[in-house]
Amino acid sequence: MMDKKYLLITSDDFAISHSVNQGILQGFQHGLLKSSNFMAAAPWLPEAVRLTKQHDLPIGVHLTLTCEWTNMSCGPISGATSLCNELGYFYSSYEELLTTLNIEDVKNEYRAQIKRVINSGVTPTHVETHMLPELLFNGSEAYQPIAQAVEEVASEFGLIYTYAVDNDRLKYFNDSFTMTHMSFEQITERLSNYQSGIYHIIGHCALDDTEQNALSLPEEPVYRWAAKCRQQDLDIIRSEAFKTFLEINNFELIGIKELLELHNL
């Protein structure tokens, strides 16, 4: 029986910008970050790959079918027209995508994204999904075919899908939550309630700089995801206060390698 508290801290979106890449690197080097994931279709992938090799970072693939930003976008590596708008860019939301997608195109795009990472010389540790969290919310039934496609393709490459759900429960964690937009106090309060088990915190580290703020316009709803909140995630992950809290509360930090071992995989 598991009698410890294990915690995986992840930061998403590696490759969307130089600011994100530098924030994630700092999270690994100077903080408690134990995992991240490439957006293989994103423009700053070459730098993210170089940093991964240079610093031997454990990185998965953030399987992507949408791009929410106004001033930067990207499109399917496979070129599948069912997955993009008339300009060849990903749609900004799954709601738009659901009206046109072909599930076989989805699987082929996922394969193309994983293969791009592998062909870049990096062995991915796992897969996650961009803007598609664990399917434990009302209305998630519409996304079930996509989640099944993720698991099917992940298994082809021998990878786990960390957001996987089995019988309305997380497959690999006792609980998981996104820390972005939460205060230090809110994060530690939630963690304080945990008993023994395996837990997952998802952050979005980046630098609050001119480039990151330029991803969208200040008046747009998505702007709240651009820079300030990402710098806050990085600040918390790098903070002595957070490190001390986890030590006092007997959390053992793990990466994907340890997660697989805990599940005998």
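**The pocket and beyond**

Author: The largest pocket is lined by 22 residues, and those lying nearest its centre are Met131, Leu132, Pro133, Thr178 and His204. A pocket here is an open set of points on a 1 Å grid over the protein atoms alone, where a 1.4 Å probe fits, with protein on both sides within 12 Å along at least five of seven lines, and lining residues have an atom within 4 Å of a point. The model is a predicted one, in which local features need pLDDT of at least 70 and side-chain atom pairs count only at pLDDT 80 or more, while totals for chains, interfaces and linings use all residues. Residues are numbered from 1 along each chain as its sequence is written, and side-chain values use heavy atoms, with hydrogens and water left out.

The space in the largest pocket comes to about 400 Å³ (the space filled by probe spheres set on the points, which are joined across faces, edges and corners). Its lining divides into 10 nonpolar, six polar and six charged residues (Asp, Glu, Lys and Arg count as charged; Ala, Val, Leu, Ile, Met, Phe, Trp, Tyr, Cys and Pro as nonpolar; the others, Gly among them, as polar). Strands β1 (5-14) and β7 (175-178) each supply at least two of the lining residues, and β7 gives the most, with four (strands, E, of at least two residues and helices, H or I, of at least four are DSSP runs, numbered from the N terminus).

Strand β1 also holds Asp13, whose phi is near 75 degrees, a positive value in a residue other than glycine. Asp13 counts as buried because its relative accessibility is 2% (buried means under 20% relative accessible area, exposed over 50%, and partly exposed in between, with a 1.4 Å probe and protein chains only). A positive phi in a residue other than glycine is also found at Asp56, where the value is near 55 degrees. Asp56 sits in the loop between α2 (45-55) and β3, and with a relative accessible area of 69% it is exposed.

Strand β3 is the place of Gly60, which is buried, with a relative accessible area of 0%. Computed along the sequence, Gly60 and Phe14 are 46 residues apart, yet their C-alpha atoms lie 9.5 Å apart in space. Leaving aside neighbours within four places in sequence, Gly60 is in contact (heavy atoms within 4.5 Å) with Ser36, Asn37, Phe38, Pro124, Thr125 and His126. Thr125, for its part, is found in the loop between α4 and β4 (127-129), and counts as partly exposed at 22% relative accessibility. Not counting residues up to four places away in sequence, Thr125 touches Pro58, Ile59, Gly60, Leu159 and Ile256; of these, Leu159 is 34 residues from Thr125 in sequence and 6.8 Å away, C-alpha to C-alpha. Asn102, in the loop between α3 and α4 (103-119), is partly exposed too, with a relative accessible area of 36%, and its C-alpha is 34 Å from that of Gly255, which is 153 residues away in sequence.

Phe38, a contact of Gly60, belongs to the largest nonpolar core, which has 86 residues and in which Phe38, Tyr110, Val127, Ile187, Leu191, Phe242 and Leu246 have the most contacts (such a core is a set of buried Ala, Val, Leu, Ile, Met, Phe, Trp, Tyr and Cys residues joined through side-chain atoms within 4.5 Å). The largest share of this core, six residues, comes from helix α5 (residues 144-156). Beyond its neighbours within four places in sequence, Phe242 is in contact with Ile9, Leu32, Phe184, Ile187, Thr188, Leu191, Ile201, Ile236 and Ile237.

The cysteines deserve a separate look. A search of the whole structure finds zero disulfides (a disulfide is a pair of cysteine sulfur atoms within 2.5 Å). Cys67 counts as buried at 3% relative accessibility, as does Cys84 at 10%. Cys67 has its place in the loop between β3 (59-63) and α3 (94-97), and its contacts, leaving aside neighbours within four places in sequence, are Met72, Ser73, Cys74, Phe90, Tyr91 and Ser92. Its C-alpha is separated by 9.9 Å from that of Ala41, 26 residues away along the chain.
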